[in-house]
Amino acid sequence: MTQVIELEQQLIEFERTASKSLADANAHAQIEAIRQEFLGQKGALTGILRALSQIEKEDRPRIGQLANKVKENLEALYLERKTFLDQQELERKLQTEKIDVTLPGRAKKLGHIHPLTQTLNEIEQIFLSMGFTPMLGPEVETEYYNFDALNFPPDHPSRDEQDTFYTNIDRAGPAVVLRCHTSSVQVRTMETCAPPIRAIFPGRVYRNEEINARKFPMFHQVEGLLVDRDVTFGQLKGTLNHFIRLYFGKPLKTRFRPDFFPFTEPSAELDSECPFCNGSGCRTCGNKGWLELLGCGTVDPNVLKGLNIDPEIWNGFAFGMGVERLAMLKYGVTDIRHFYNNDVRFLEQF
Ligand code: 2U9
């Protein structure tokens, strides 16, 4: 009988200790460990029940029932605590991981077209609207396409290494250069296309220059060519005046000053009234009231003849402009290097 009472007390004490441990546990790992310690196969309750064999048979059911009750109670406490801890963890997660669904989304930074490409596209579009077709050609050229066919005399200073990049100066064979204008593509076009011709020639060109605010050894040009019967200088003026009106978005006074190029005769430089001060003088035009925009002229009959186009039947005009220069004038950019530094603070303004 004493054994029975002892066992009963042991079970009650066991329940008390285990309940307290469960109630004090604050983590899942803890309650799992407690469950193992008290209720597992090798746990304390199993140990107590082993002692059942030592008590009288008729007392065994009483102790057995009590043991089962204790086990049930502890299982229930374990579940209750587990539910509590689950809930606690969920709340903590909800607190720390909460998102404010009313916050505005983070916009993805999109790139955009480079200001020079925008300018080039704009220029192309204007000439496209006047029926000019863009023609492309190689940036590495023989001296023939870059100089000879364009009527440059053999001793012309542009041919100097100081001005032009040669890729094979020490080697045998014809000299090869990085083209210094897209005029070389004009030559190729006149070689392969019979007149009438109405084309523009956009692209990169290279000149051996010291870099400064206005010069860069690589820049972009758009040249133009029209070859037909009875082409007049008036048509050249009309075409370029129309271009300037569309490019600057308003009609501007223009003037044509005599100039010289080996490939055009007569040749002219086209100035426009400064669009920033309307001709009264400002920083952009250097107080002159005029901007030098581009060069142009009537294609030299010698150039036509050299390309098997009969100058008695055909004549034409040509022009050439620097894209960087036109972009700088339109947007008031004072240093050409801004276009090539790739500083987003500059680029994102366009
Ligand atoms: C052929 C016949 C004629 C192309 C022309 C210019 C005038 C001109 C400069 C403007 C600024 C180059 O970028 S720049 O430095 N160009 O002034 N270019 S007429 O005339 C040609 C070309 C090819 C066969």
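Phe243, Tyr247 and Phe248 in helix H8 meet Leu326, Ala327, Leu329 and Lys330 in helix H10, where contact means heavy atoms within 4.5 Å. By class, the residues of this contact comprise six nonpolar, no polar and one charged; Ala, Val, Leu, Ile, Met, Phe, Trp, Tyr, Cys and Pro count as nonpolar, Asp, Glu, Lys and Arg as charged, and the others, Gly among them, as polar. The model is predicted: local features need pLDDT of at least 70 and side-chain atom pairs count only at pLDDT 80 or more, while totals for chains, interfaces and linings use all residues. Residues are numbered from 1 along each chain as its sequence is written, and side-chain values use heavy atoms, with hydrogens and water left out.

H8 spans residues 233-248 and H10 residues 323-331; their axes lie 11 Å apart and the packing angle is about 50°. Axes are lines fitted to C-alpha atoms, for helices over the stretch in contact, and angles run from 0 to 180 degrees between N-to-C directions. Helices (H or I, at least four residues) and strands (E, at least two) are DSSP runs, numbered from the N terminus. H8 and H10 are therefore oblique to each other, given that angles under 35 degrees count as roughly parallel, over 145 as roughly antiparallel, 65 to 115 as roughly perpendicular and the rest as oblique.

Within H10, leucine 329 is buried at a relative accessible area of 7% (buried means under 20% relative accessible area, exposed over 50%, partly exposed in between, with a 1.4 Å probe and protein chains only). Leaving aside residues up to four places away in sequence, leucine 329 touches Phe248, Phe276, Thr284, Leu291, Glu292 and Leu293.

From H1, the contact involves Phe14, Ala18, Ser21 and Leu22, and from H2, Ile31, Ile34 and Phe38. These residues divide into six nonpolar, one polar and no charged.

Strands E6 (residues 254-261) and E7 (residues 264-273) run antiparallel and are joined by seven bridges; two strands pair if DSSP finds at least two bridges between them. The hairpin connecting E6 to E7 passes through two residues. Aspartate 271 in E7 stands opposite arginine 255. E7 also contains proline 266, and the peptide bond from glutamate 265 to proline 266 is cis, with omega near -5°.

Another cis peptide bond runs from proline 195 to proline 196, with omega near 5°. Proline 196 lies in the loop between helix H7 (183-192) and strand E4 (197-206). Most residues other than glycine have a negative phi, and most peptide bonds are trans. Positive phi values in residues other than glycine include that of asparagine 151, near 75°, and that of aspartate 230, near 55°. Asparagine 151 belongs to the loop between helix H6 (143-146) and strand E3 (176-178) and is partly exposed, at 32% relative accessibility. Aspartate 230 is placed in the loop between strand E5 (218-228) and H8 and is exposed, with a relative accessible area of 68%.
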